[in-house]
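Work through the exercises below with the model open beside you. Try each task before you read its solution.

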Amino acid sequence: MNLQAKIKRDIDSHALMSCTGLEHQLASIDFKALSRYDDDDSEAAYTVENGVATIDVRGLLVPETSSDYRSWGVTGYANLADYIQQANDDYTVTSIVLDIDSGGGYVAGLDGITETIYQSAKPIETFVSGDMYSAAYWLGASTSKVTASKQSGIGSIGVYVVHTEESGWLERYGEKVSLFRSGKWKAAFNSFMPLTDDEKQRLQEGVDESASIFFNHVAAQRNVDAKTIKGWEGDVFTATKAKELGLIDAIADSVAVSSSTNQSNTNPKTEGESMDLQEAQAKIKELEASEAQAKQEAADAKAEAQAAKDALAESQASTRQAAIDKLAADTGREFTDEQVTAFKAMDDAQFAVAEFMAQPVTPKAPKLPDGLDKAQATNGREGGESKILAAVEAAKAQGVK
C-alpha cells in the first residue's frame, strides 16, 4: 500500500489528527512523483555547522515513511527519531536544532518521537522557519527552547477526527445501502448512513481525551495553564503574540542565530531577555551547585554521626560482654545464650540489679542475745566440755539443790 492510500485509509478509519489545513497539505503533495522517488537520491538526515546539527521537519507529519520524503512535504516521526539518534552518535555534533515548517499531522506516533527528544544525550532546540501548528507544535514544544521567525504562525493546539458521510450522495444517485448488524457497534461509523448520537459521543470522547493530553503536555513544557490553553480553542497566533502567550521563547531571523549564545533578532526585547536568561541559568547552576554541596555536607555529617553511634554501641556491647563474663566467673555459673541476650538488652540500671541478684548469698552467724558473749556461747563446744555443766556438778557436790 503506497503512502497516499495509507493516509486515506487512516483518515477514513477516524485516525486522530492534530493538523491545520489537512486538505491543503494533502493537495500540495505530488504523490505520483513521490512514488517514483529514488531513495538513492535521499537528502542528508541533517546538516552540521559549528557543531549544531539541523534536522528539517517539513509538511504533513505521519507515523513513518518508507523513505525520506521531507523534500516532498511529508515527515515520518519514526524517521525523525532515527535522524536524532544519528546526530547523537555523530562526534562532530554538540547540539541539535529541529527546523520546523509544518501544519501538523497524526496524533499517533507523537509519544514515540517526544520520548526520543527527552532521551537525547545532546540538547535539542526548535527553530520555526515557517509555521508550527498542531502536532508540529506538540513536537516543537517538547524541546528545551523554541525560537521562531517573525513571519511564523504558531498554535492550533487541539485534535480532531474526520468523518465522511456518503448517504446523501448515494441517495442522489438512487442508491440505498442497508446494513444488518449484530450490535450497534458493529459497522459503526460507516459512511453509508448518518452517525448515531452514540457514535458521535464516542468519537468526541476520543477527541477530548487526546486533546486533554495535548493541553497538559504544552502546559508542562511551556509553563502555561492547561485551562488557558484549552480556552484558546485551537486558535493560531503570530510569532509576536505567541511569544507574549509563552508559546515560544524568542524571535530570530535564522536557525544559526537562534542557536547562537549571542542572540540578536528582530524583537528589540530579545537581546536583553537573552542576557537575563543567561544570568538566570548561571544563577540556577550556582544554586544547584550550592544545593549539591549542602546535600553532600549533610550526608557526610549524617555518616559521621552514624559512625560515632556505631562506635559507641560497639564499645558498650564490649563493656557489657566483659561484665557478663566477670559475673559468670564470680558466680561459677554458665549462662545460656538466651540469658546472655537478655543481659545485653538491659540498660545499665537493669543489669546492675540482675548482677546483684546473680551473686551467691553468704550465710551470716545469728546475733547473740544481749549479755551473752562469744566465749559464753561457745564454751564447752570449743574446749570439749561445758564450764556451765562443771559449775552445776560442783554445786551438787556441795549440797546445793
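**Exercise 1. Find the residue of β4 that stands opposite Val62, then describe how the two strands pair.**

Step 1. Look across from Val62: Gly76 in β4 stands opposite. Strands here are DSSP runs labelled E of at least two residues, and helices are runs of H or I of at least four, both numbered from the N terminus.

Step 2. Count the bridges. Three of them join β3 to strand β4 (residues 74-76). Two strands pair if DSSP finds at least two bridges between them.

Step 3. Read the direction: β3 and β4 run parallel.

A note on the source: this is a predicted model, in which local features need pLDDT of at least 70 and side-chain atom pairs count only at pLDDT 80 or more, while totals for chains, interfaces and linings use all residues. Residues are numbered from 1 along each chain as its sequence is written, and side-chain values use heavy atoms, with hydrogens and water left out.

**Exercise 2. Which other strands does β3 pair with, and in which direction does each run?**

Step 1. Take strand β5 (residues 95-106). Nine bridges join β3 to β5, and the two run parallel. Asp56 stands opposite Asp99 in β5.

Step 2. Take strand β2 (residues 47-49). Three bridges join β2 to β3, and this pair is antiparallel. Val48 stands opposite Ala53 in β3.

Step 3. Inspect the link. β2 and β3 form a hairpin with two residues between them. Asn50 lies in the turn and has a positive phi of about 55°.

**Exercise 3. Why is β3 described as largely enclosed?**

Step 1. Buried means under 20% relative accessible area, exposed over 50%, and partly exposed in between (1.4 Å probe, protein chains only).

Step 2. Apply them to residues 52-62. Nine of the 11 residues of β3 are buried, so the rest of the structure largely encloses the strand.

**Exercise 4. Are Ser18 and Val353 buried or exposed?**

Step 1. Ser18 is in strand β1 (residues 17-19). Ser18 counts as buried because its relative accessibility is 0%.

Step 2. List contacts (heavy atoms within 4.5 Å). Leaving out residues up to four places away in sequence, Ser18 touches several residues, among them Gly103, Ser134 and Phe214.

Step 3. Val353 is in helix α14 (residues 348-358). Val353 counts as exposed because its relative accessibility is 52%.

**Exercise 5. Which helix has the lowest mean pLDDT among the elements?**

Step 1. pLDDT is the predictor's confidence in each residue, from 0 to 100.

Step 2. Helix α15 (residues 374-378) has the lowest mean, 59. Helix α6 (residues 135-140) has the highest, 97.
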